[in-house]
Amino acid sequence: MNLRFAYCTSVSQIGAEAWNTLAEGAGPFLRYEFLSALEESACVSADTGWEPYHLAVWQDDGEGQERIAALMPLYKKHHSYGEYVFDWSWADAYHQSGLRYYPKLLTSIPFTPSYGTRVLVRESSQEQALLKAILIEVAAEAKRQGNSSWHILFPEKRVSDLLAREGAHQRQGTQFHWYNNSYESFDNFLESFTSRKRKNIKKERKSVSLSGISFDRLEGADITAEDWARFYHFYQRTYQVRGQQGYLNEAFFTRIGETMADSILLVVAKKDGQSIAAALSFKDDTRLYGRYWGCLEEYQFLHFETCYYQGIEYAIDKGLASFDSGAQGEHKIQRGFKPIITYSNHWIADPRFDAAIADYLLQERKHSGMYRESAEQLLPFKVKN
């Protein structure tokens, strides 16, 4: 393959049309509009430790012309915040050995632990060859710059497996996702639960209803500037009560509201005519992605209703196949979210640490498997004979 590799300090250098042509069907987070909103709002930048360094792979078409064969989001990362695949102990080990772990190279969707496409390719028949070429190139670039490593977070399994065979160690994690078994309604979904678990969910939902709380599901152009301002206030408050600040700023939310309205669902909780909480999700043709939430007042089970039950109802109403409600959360199990395996891959420049991390990941995988098996035993569904 006659390839040329170019590194870009913003997605705008590639352009919306070129990027989205390859990103079609890859989900909302790999759209040009999402990535550019992060950059335009300065949520990702050298100052925030997410320095854009996206990779464009150009290929000769055989007639003396070049076209983009592959694109991959890439960042020079100066810390490990906002990744959801934790390597702080690796960084500490590097530091204790007198070596520098940061900056590292990272392929990820910033602040977004949702699995999916990570390398966009024009021709699916070339995916395997392009992935091998990209791994070789990025590893060489890491060495040229003195980076410790390259990491790709939450790729699809087939991509992760291929990279693992080529020397980028595979790591496994666990998330909890809801799957639509052709349910006709939320009550129909609950019929798959054991009696006790079904009663618990109904009790939770009734508690919220008796508190006088109602819900609006807003999509696209129905979400006003006032809705966005209120949501951002809720979002920041969830961090402020812990003495922190959210990764994302108001400019980011304003921008995606303008450019990605077709991919957004905002669930707003109201009491006495006033908005008191909201949950922001993204969506595509098959999946709902729960992302951000916040509230002004705490009510028992309000979080579960706003973030999970309203999302499940929406997914059933729209015929969506699954609901990815984000990272972590064992409390999701008893609400019908099943444990799934997520993947990441890690290329390590230093041979000694490469071997040590490979051994660590092997041991970690055993514990992860045991954890998922235990989690599956806690699911609320009836046992099929």
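Modeller: A salt bridge is taken here as a side-chain nitrogen of Lys or Arg lying within 4 Å of a carboxyl oxygen of Asp or Glu. The model is predicted, so that local features require a pLDDT of at least 70 and side-chain atom pairs a pLDDT of 80 or more, while totals for chains, interfaces and linings use all residues. Residues are numbered from 1 along each chain as its sequence is written, and side-chain values rest on heavy atoms, with hydrogens and water left out.

Helices (H or I, at least four residues) and strands (E, at least two) are DSSP runs, numbered from the N terminus. In general, an α-helix has 3.6 residues a turn, so residues three or four places apart point the same way. D227 is buried, because its relative accessible area is 12%, and R230 is partly exposed, because its value is 33%.

A second pair, R171 and E364, forms a salt bridge of 2.8 Å from N to O. This pair connects distant parts of the chain, with R171 in strand β9 and E364 in helix α11, 193 residues apart. R171 and E364 are both buried.

R31 lies in the loop between α1 (16-23) and α2 (32-40). Contact means heavy atoms within 4.5 Å, and on that basis R31 touches W19, N20, T259, M260, D262 and S263, residues up to four places away in sequence not being counted. Elsewhere, salt bridges link R205, R217, E305, E313 and D317 in a network.

Strand β9, which carries R171, has nine buried residues among its eleven. Two strands pair if DSSP finds at least two bridges between them. β9 pairs with β15 in the antiparallel sense over nine bridges, and P339 in β15 is the bridge partner of F176. β9 is also joined to strand β14 (residues 322-324) by three bridges, again antiparallel, with H177 opposite D324 in β14. In a regular strand the side chains alternate between the two faces of the sheet.

The elements β9 (169-179) and α11 (351-376), together with β8 (149-153) and β15 (338-348), are among those that cover the buried residues of α3. These buried residues include W90, A91 and Y94. They are on the same side of α3 because they cover an arc of only 100° around the axis, the arc being that of the directions from the helix axis to the C-beta atoms. On the face of α3 turned away from its buried side stand the exposed residues H95 and Q96. G98, which follows α3, has a positive phi near 80°. In the loop between β5 (75-77) and α3 (88-96) is Y81, which counts as partly exposed because its relative accessibility is 47%.

Helix α10 (residues 302-318) holds I316. I316 is buried, because its relative accessible area is 8%. Apart from neighbours within four places in sequence, I316 is in contact with W178, N180, Y183, E184, S185, F186 and F189. The C-alpha atoms of I316 and S185 are 6.3 Å apart in space, although the two residues are 131 residues apart in sequence.

Four strands form an open sheet in the order β1-β3-β4-β7, with antiparallel pairing. Its edge strands are β1 (3-8) and β7 (120-121), each of which pairs on one side only. Within this sheet, strands β3 (residues 54-60) and β4 (residues 66-72) are antiparallel partners over six bridges, and D60 stands opposite E66 in β4.

Notes
Buried < 20%, exposed > 50% of the residue type's maximum accessible area, 1.4 Å probe, protein only.
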